[in-house]
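Subject: Structure for you to look at

Hello,

Here is the structure I said I would pass on. My notes on it follow below.

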Amino acid sequence: MRVLCLALATLVAAPASAQLSGTYTIGGTSPDYASLIAAVADLETQGVSGDATFEIRPGTYVTGFDLGPVAGVSETARIRFQASDANNPPVLQRPGATSGS
């Protein structure tokens, strides 16, 4: 009985999240992440296993967050946030900020 319980506990245990590596999109149509905040949350909980690039699609994004420690970051496993379209960069806005004229 004890072996059966252990086997069942192993089968129903929550799967571990894979570390991030590669290129991910933020915003736009069918993104990997709907917001910068969602991407940062995954970075902080999953860490990285190689370079992780986040391409921010055109749009307006709230940036009221701090990027905390990220497991796996090194000289060969970096994090990069960049505009997906250099000719139409995203607008990054702090919470409560208003655009001036």
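The largest nonpolar core has 14 residues, and those that touch the most other members are Leu20, Ile26, Tyr33, Leu43, Val48 and Phe54. A nonpolar core here is a set of buried Ala, Val, Leu, Ile, Met, Phe, Trp, Tyr and Cys residues joined through side-chain atoms within 4.5 Å. Buried means under 20% relative accessible area, exposed over 50%, and partly exposed in between (1.4 Å probe, protein chains only). Two or more residues of this core come from each of E1, helix H2 (36–46) and E2. E2 gives the largest share, four residues.

This is a predicted model, in which local features need pLDDT of at least 70, side-chain atom pairs count only at pLDDT 80 or more, and totals for chains, interfaces and linings use all residues. Residues are numbered from 1 along each chain as its sequence is written, and side-chain values use heavy atoms, with hydrogens and water left out.

On confidence: pLDDT is the predictor's confidence in each residue, from 0 to 100. Its mean for the protein is 82, and 78% of the residues reach 70 or more. Residues 1–15 have pLDDT below 50, and this stretch makes zero contacts in the model beyond near neighbours in sequence. Where pLDDT is low, the predicted coordinates should not be read in detail.

On the fold: the protein has two helices and five strands, in the order α-β-α-β-β-β-β from the N terminus. Helices (H or I, at least four residues) and strands (E, at least two) are DSSP runs, numbered from the N terminus. Three strands form an open sheet in the order E1-E2-E4, with parallel pairing; two strands pair if DSSP finds at least two bridges between them. Strand E1 (20–26) and strand E4 (79–83) are at the edges with a single partner strand each, so one side of each has no neighbour in the sheet. E1 and strand E2 (residues 48–56) run parallel and are joined by six bridges.

Leu20 is in contact (heavy atoms within 4.5 Å) with residues including Tyr33, Leu43, Val48 and Phe54, its neighbours within four places in sequence being left aside. Thr25 lies in strand E1, and its bridge partner in E2 is Glu55. Thr25 counts as buried because its relative accessibility is 15%. Not counting residues up to four places away in sequence, Thr25 touches Ser30, Pro31, Asp32, Tyr33, Glu55 and Arg57.

Regards
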